[in-house]
Amino acid sequence: MKKPNQIPASSGKLGVLLPGMGAVATTFVAGCMLARRQLATPIGSLTQLGRIRLGKRTEEREPFIRELVPLAGLDQLVFGGWDLFPDDAYTAARNAEVLTHDHLGLIKDELSAVKPMPAVFFPEFVKRLRGENVKRETSKMDLAEAVRDDVRRFKRDNDVERCVAVWCGSTEVHHEPKEVHATLASFEAGLKRSDPSISPSMVYAYALMKEGVGYANGAPNLTTEIPALQQLARERQVVISGKDFKTGQTLMKTMIAPGLKARMLGIRGWFSTNILGNRDGEVLDDPESFKTKEVSKLGVLETILQPHRYPTLYGDLYHKVRIEYYPPRGDQKEGWDNLDLVGWLGYPMQMKIDFLCRDSILAAPIVLDLVLFMDLAQRAGFSGIQEWLSFYYKSPMTAPGLYPENDLFIQLTKLKNTLRWIKGEELITHVGHEYYE
Ligand SMILES: NC(=O)c1ccc[n+]([C@@H]2O[C@H](COP(=O)([O-])OP(=O)(O)OC[C@H]3O[C@@H](n4cnc5c(N)ncnc54)[C@H](O)[C@@H]3O)[C@@H](O)[C@H]2O)c1
């Protein structure tokens, strides 16, 4: 790890590699292209709009985060990726129907030039999709080698010196870690014999890390949670983070639950349902892919509310999450929450939340921030799991045995203190007794 203040400025180009170039990926790429031409504002991005307080409140130092730490600029980003559909990013963005034709028209040429490389795809991991733009290599190790070739070619062709990858592909079916995932040696042997427990996302993650590329996991897929790939991240000294972008309903949940708990209000029931009609919704209509998502969505309340420590308030909490595929809504998801609360002397109350959000509009700024912060972390000499990026994820990865921190505000404090620490700035504890001495 480098000493504070010694991280060099970001020079050259930063390659952004996206396995999966659907709604989220193309909304992100198009947004960066629009923002760097000042044709739209990158709202929702902490790296672009966020400030950070430094020192005492009386010092009035509150620079933009991008002024404190040497992040890559939007102009330095070059985009690439893989998809099983051959559509270029402009066509895919048109099909996703997230951004208007007016917006897309402004960057049509630049966006059309981003063409997906053939994908690593095994249909048993995403049952609702079939596509033609797939690699034909037979063994999983050969597929990993083909992805490594892609990365090297992408870097050469685009004169890129370093890359970050963010998985924006579909949610794979739920599967548990097995023997083949236990060590790097067993995993590599599994790649050679094409072990059925190695998913496409694991093949990409392996190949990318072998090429020194950090990997952020935007879906709830198992991928980098397996010991084998964590070992590879440590050995190759690359950064990993995950998993599952925290966007609509779970974002709200991790804002509201800490607030209710802070006031010691009880919760007896939390029922969450969603309707969405994009391709992600279609994939999640398959029960096995939904299972992966459900596990990711259910976990947050457990760690925020700690029912084992607060049995009176949360011991009987009934938490249910549903996602319904409903094509008329496309990417414009609607998430309903019903909370059955308990107050003073056990009196019941209710709260209803109806969030009419846009999935990819909430996810795109997360992708941007992850790209820039993962690159920063790599340049700072960090490696392995980047828990300080939990802020962006529904199921944050942690060191083995450590429970994840899901409270959005603790996650933000952790992120900002990490940035202060990187720069050798005083950490902010909010004690503030010195103002009264
Ligand atoms: N939008 C959100 O709010 C949000 C929040 C959390 C997580 N996510 C996750 O982000 C991912 C992307 O969401 P989206 O709305 O863009 O979905 P999408 O269906 O529009 O795009 C996913 C793309 O991945 C491609 N793909 C699937 N398997 C692939 C493989 N092995 N290699 C290359 N490409 C592959 C598909 O062809 C598709 O184009 C999903 O896993 C979703 O669950 C999204």
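Mentor: Let us begin with F382, which is buried, with a relative accessible area of 9%; buried means under 20% relative accessible area, exposed over 50% and partly exposed in between, for a 1.4 Å probe and protein chains only. This is a predicted model, in which local features need pLDDT of at least 70 and side-chain atom pairs count only at pLDDT 80 or more, while totals for chains, interfaces and linings use all residues. Residues are numbered from 1 along each chain as its sequence is written, and side-chain values use heavy atoms, with hydrogens and water left out.

Trainee: At what angle do the ring planes of F382 and W421 lie, and what is the pair called?

Mentor: Rings of Phe, Tyr and Trp (its six-membered ring) pair if their centres lie within 6.5 Å; planes under 30 degrees apart count as stacked, over 60 as edge-to-face and the rest as tilted. By this rule there are 10 aromatic pairs. For F382 and W421 the centres are 6.3 Å apart and the planes stand at 45°, so the pair is tilted.

Trainee: How many residues apart in sequence are the parts that this pair ties together?

Mentor: Helices (H or I, at least four residues) and strands (E, at least two) are DSSP runs, numbered from the N terminus. W421, which is partly exposed at 45% relative accessible area, belongs to helix 16 (residues 408-422). F382 lies in the loop between helix 15 (359-379) and strand 11 (384-385), so the pair ties together parts whose separation in sequence is 39 residues.

Trainee: Which ring has the charged end of R51 over it?

Mentor: A charge sits over a ring if NZ of Lys or CZ of Arg is within 6 Å of the ring centre and within 35 degrees of the ring normal. The charged end of R66 meets this rule at 4.3 Å from the centre of the ring of F64. The charged end of R51 lies 3.9 Å from the ring centre of F64.

Trainee: Is N406 buried or exposed?

Mentor: N406 lies in the loop between strand 11 and helix 16. Contact means heavy atoms within 4.5 Å, and, leaving aside neighbours within four places in sequence, N406 is in contact with residues including K246, T254, P396 and Q411. Its relative accessible area is 2%, so N406 is buried.

Trainee: How many residues of helix 9 are buried?

Mentor: The buried residues of helix 9 (200-210) include P200, Y204 and L208. Helix 9 is largely enclosed by the rest of the structure, because the buried residues number 10 of the 11.

Trainee: Which elements do the buried residues of helix 10 pack against?

Mentor: In helix 10 (residues 227-236), the buried residues are A228, L229, Q230, L232 and A233. Their packing partners are helix 8 (184-192), helix 9, strand 6 and strand 11.

Trainee: Which residues does G242 touch?

Mentor: G242 is found in strand 6 (residues 239-242). G242 is buried, with a relative accessible area of 4%. Not counting residues up to four places away in sequence, G242 touches N217, Y393, S395, P396 and M397.
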